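The sequence and the structure are shown first.

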Amino acid sequence: MISPASINYKYPSNIGILLCGHGSRDPQAVKEFINVVNKIKSRIPDIPVEFGFLEFNRPIISEALDQLRDLGVERVIALPAMLFAAGHTKNDIPAVLNKYSADNGLLIQYGRELGLNSLMIGAAGARIKETIDSNPIFPLHETLLVVAGRGSSDPDANSNVCKITRMLVEGFGFGWGETVFSGVTFPLVDPGLRHALKLGFKRVILLPYFLFSGVLVSRVREHSTRVANDNPDVKFLNASYLSDQDLVIDTFMERIQEVFDGENFMNCALCKYRSNLLGFESEVGYEQISHHDHVEGCLDIRRENKEHNHEHEHFPYPHAKHPLGPVTLPSLNKSQI
């Protein structure tokens, strides 16, 4: 099997690549994102590669597109640096790209999110293997794997995290697998872990299925640490998030190539904006607009909080008051003070 890292990619001279990130108040997360961009640049050194953010950091996406145009780029392949297709991938980034394309006459082709493939499962597996290898040997069938995802108001994105969990459980042969989330949906990390521990497992590997560090990864760690402290008889092992794992970079390159091959198809069959998904019927046909335009490049925490509240006002998540979900966050966070 040919390694994607060894492929000699050949693209037209007038093309440019744009990596679209969310942005973060955490400098480490930004540094990690730029490191991923630099690794992609090293794969295609003859093609301009730029990056832009939805919010918190600069350059914003439109500024990155300006940089590509200044380099003579006439065609841009834009990729969402996102694990799954939820609101940022389906609405916010495309809205920014569409407006820029219309205003400037620049051809922009939008690629897929990283999504689910054997490479991403392999990347997650590599992080788990690092944890296993650095600890004393123990039976995997007596170990509980818990995968912590970001959490979204999009059920398709949430279900993909659950599929990652199952693929890893079967790939390694863990005794059991559970999926928890850092916010928006349910179960959250704290109540999800406490329920999972009732299964009786005395070893837990916790994998934060995130691309980069930041507030949400810190939340996962803080809440899992509290559960671990309350259960001293259980051994908790923490795997690393994905970051610049080689197979993640391979997937980015695969997504770029898909655009050239005309195979960059998103999963529209389970998209809540296109199909009548159970419980989300009212969101079919929702207008593709960005909720980040007024905070682009803004690092002000108060505006950030206002923006994220605003984002979820359009179509409230139907299970926002689920007892194992986001309604519990205020009390969980308050208990840490």
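## Pairing of β1 and β3

Ile15 has Arg75 of β3 as its bridge partner. The model in which this pairing is found is predicted. Strand β1 covers residues 15-21 and strand β3 covers residues 75-80; the two run parallel and are joined by 6 bridges. Further along this pairing, Leu19 stands opposite Leu79 of β3.

## Pairing of β3 and β4

Strand β3 also pairs with β4, in the parallel sense and over 4 bridges. Within this pairing, Ile77 is placed opposite Gln109 of β4.

Helix α3, residues 87-104, lies across β1, β3 and β4. Relative to β4, α3 runs at about 165°.

## The sheet as a whole

The open sheet is formed by 4 strands with parallel pairing, and their order is β2-β1-β3-β4. The edges are taken by β2 (49-53) and β4 (107-110); each has a single partner strand, so one side of each is left without a neighbour in the sheet. From one strand to the next, the twist averages 25°.

Strands of a sheet pair through backbone hydrogen bonds, in either a parallel or an antiparallel arrangement. In the present sheet the pairing is parallel.

## Burial of β3

How many residues of β3 are buried? The count is 6 of the 6, so β3 is largely enclosed by the rest of the structure. The burial applies to both faces of the strand. Arg75, Ile77 and Leu79 are buried on one side, and Val76, Ala78 and Pro80 are buried on the other.

Arg75 is the bridge partner of Ile15, Leu79 stands opposite Leu19, and Ile77 faces Gln109 in β4.

Where does Ser243 lie? Its position is in the loop between β8 (235-238) and α8 (246-261). With a relative accessible area of 11%, Ser243 counts as buried because the value is under 20%.

Leaving aside residues up to four places away in sequence, Ser243 touches Glu32, Val36, Arg127, Phe210, Leu211, Phe212 and Val248.

Methods
Residues numbered from 1 in each chain as written. Predicted model: local features only at pLDDT ≥ 70, side-chain atom pairs only at ≥ 80, totals over all residues. Heavy atoms only, no water. Pairing = 2+ DSSP bridges. Axes fitted to C-alpha atoms, helices over the stretch in contact; angles between N-to-C directions. Contact = heavy atoms within 4.5 Å. Buried < 20%, exposed > 50% of the residue type's maximum accessible area, 1.4 Å probe, protein only.
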